Amino acid sequence: MLFLVTLAALGPVSARALSPAGGAALGAGLQAGAAAARSSLHPANVQTWLSTRMLLEFPLVRVLGLGFSLGYHLADESAPVSGVLYRGHHGLEFATYLLLRSALAVDRPRAGIAAGGSANFDVYNLTELLFFYPSLTAGPYLELPIEGPPRHSFSFGLPCRLDFRRDLELSASIGLEISWRWYPAWKEGT
Amino acid sequence: MRRPWRIAAAGLLAAALADLSSCALNVPYDKYAIVYGIADYNGLLSTLTYTDDDADAMYQLLLVSQGFDLVTLRTNSAATKSQLLTDIGNIATDPDMDEEDLFVFYFSGHGGPEGIGPEPETGDAENEWISLYGSTYPPDLSTTFSDDALVAALRVIPCRKKVIIIDACNSGGFIGNELEVDGEPAALAEGSESILELAADAIRLYANFDGSSADIPPWEALVLSAAGERELSLEGPFYGHGIFTYYLLEAETEGDQDHDGWVTVTEAFAYTQEKLYRDYYLGRFGPYDAYSPHVSGGPVDYVLFEAR
């Protein structure tokens, strides 16, 4: 954690010194997808989910960035199969992640991979039962810069997520993400 | 030229999905229940008024309206601990029962905590109990069922879907959530913990989880309780039932919150909780007596009723 905090603090400095990647980025994202859940007692089933998040990203070196996000997600309950369904839940997620990516330029898209972990605090739908679980998320994305100051970009990603639920044998999901980023420190030609 | 083809394909896909959906909503399993209600404790405990009526009404709902395959009803002097053990054994050895079936145990009567005075937190090792006919106070093991003893007794029933519904005082103590903290306090009068305290507790539960449990964990059975661990459960002439049971009976027709045709345990909980809250809020029973249902955690939920 100390390492991450240090990296975060040095991020903007590193950005100026080492990276032409446009500096720090603020943004927001929307994800949707499907998750598979399987308990030890009942067959697997599918739940749809949706999440939104605010993000803050810093370039570390030319091709590496560090991001933090605060998100809200909700998963619908599954359809009942033989009288059993997986409960819907919703909650907050606090995530940090690394971005391995090509250099950012106005005139071409850049590809990257985002990978990181999150701490999730969820409540089962219709209840006040709060529970915690960590997750790992990784996935490729493609960022498309938009010309004209202030500099923006849209990106499309395929996040794959694995939840470490202690009451499920499997909780994994895949989805689509669209994100918007704003680079307040963008400099033309960098 | 391509557009009509796409519309036709979309229509076929929608029809196929609708067909799949209806297949998924079938109930290809048997449903069993044991229903106990005790109002007359033969003078050994205070006499209740409507708890045997609760059991009669639940029996009618499950057998007649819900089409359960086997419902065993015992009230008052027939509702002894030895009889309950016999009834559990009979269902456990039913040749038609298998792992996919649903079992419901419903109880309405006296309940209480093991100790006297303030209790430890929910999920503790301290037992709550339900009083069968012949029970005395303080409870003795020959006539009462503790939460741990009840789950042990029900373990012989081979089906995976088990639901325990208890309309009794302190019945929330039967719930053994090992990974969830309940924002609904064990006693409404005590108030809730702060969100930060709840979050810290949730992390602690996650870190310390070892698969063991106290009380009745969700992987053994989902528990729907009338009251919190440190609350009373009330009955009244306005309802002609235990108040929780009155609304639970309504949940068959009113509780399908997502309108999918089924009332799950969680939906039944949410319906009864909302109704009890409104009654408390409207002053139908006083704030001193306010109480709230509780439900087990866990990632799965079971269909309790077909919505009517």
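User: Which residue in E3(A) stands opposite Glu57(A)?
Analyst: In this predicted model, strand E2 (residues 45–61) of chain A and strand E3 (residues 64–75) of chain A run antiparallel and are joined by 12 bridges. The two strands form a hairpin with 2 residues between them. Within E3(A), the residue opposite Glu57(A) is Gly67(A).

User: Over how many bridges do E3(A) and strand E5 (residues 89–101) of chain A pair?
Analyst: E3(A) is joined to E2(A), and E3(A) also pairs with E5(A) in the antiparallel sense. One position in this pairing is Gly65(A), which stands opposite Leu99(A) in E5(A). The number of bridges between E3(A) and E5(A) is 12.

User: Is Leu50(A) buried, exposed or partly exposed?
Analyst: Leu50(A) lies in strand E2 of chain A. Apart from neighbours within four places in sequence, Leu50(A) is in contact with Ala32(A), His73(A) and Leu74(A). A buried residue needs 20 or more other C-beta atoms within 10 Å, and an exposed one has 12 or fewer. Because Leu50(A) has 15 within 10 Å, its class is partly exposed.

User: What distance separates the C-alpha atoms of Leu50(A) and Tyr72(A)?
Analyst: Leu50(A) belongs to strand E2 of chain A. Along the chain, Leu50(A) and Tyr72(A) are 22 residues apart. Their C-alpha atoms are separated by 8.6 Å.

User: Which residue is the bridge partner of Val84(A) in E14(B)?
Analyst: Strand E4 (residues 84–86) of chain A and E14(B) run antiparallel, joined by 3 bridges. In E14(B), the partner of Val84(A) is Tyr302(B).

User: Which element supplies the largest share of the side of chain B that touches chain A?
Analyst: The contact takes 39 residues from chain B and 28 residues from chain A. Among the elements of chain B that each supply at least two residues to this side are helix H1 (2–24), helix H5 (195–208) and strand E14 (300–306). The largest share, 5 residues, comes from H5(B).

User: How many nonpolar residues has the side of chain B that touches chain A?
Analyst: This side includes 8 polar and 8 charged residues. Its nonpolar residues number 23.

How values were computed: Residues numbered from 1 in each chain as written. Chains lettered and ligands numbered in written order. Predicted model: local features only at pLDDT ≥ 70, side-chain atom pairs only at ≥ 80, totals over all residues. Contact = placed C-beta atoms within 7 Å. Helix = DSSP H or I, 4+ residues; strand = E, 2+ residues; numbered from the N terminus. Nonpolar A, V, L, I, M, F, W, Y, C, P; charged D, E, K, R; others polar. Pairing = 2+ DSSP bridges.
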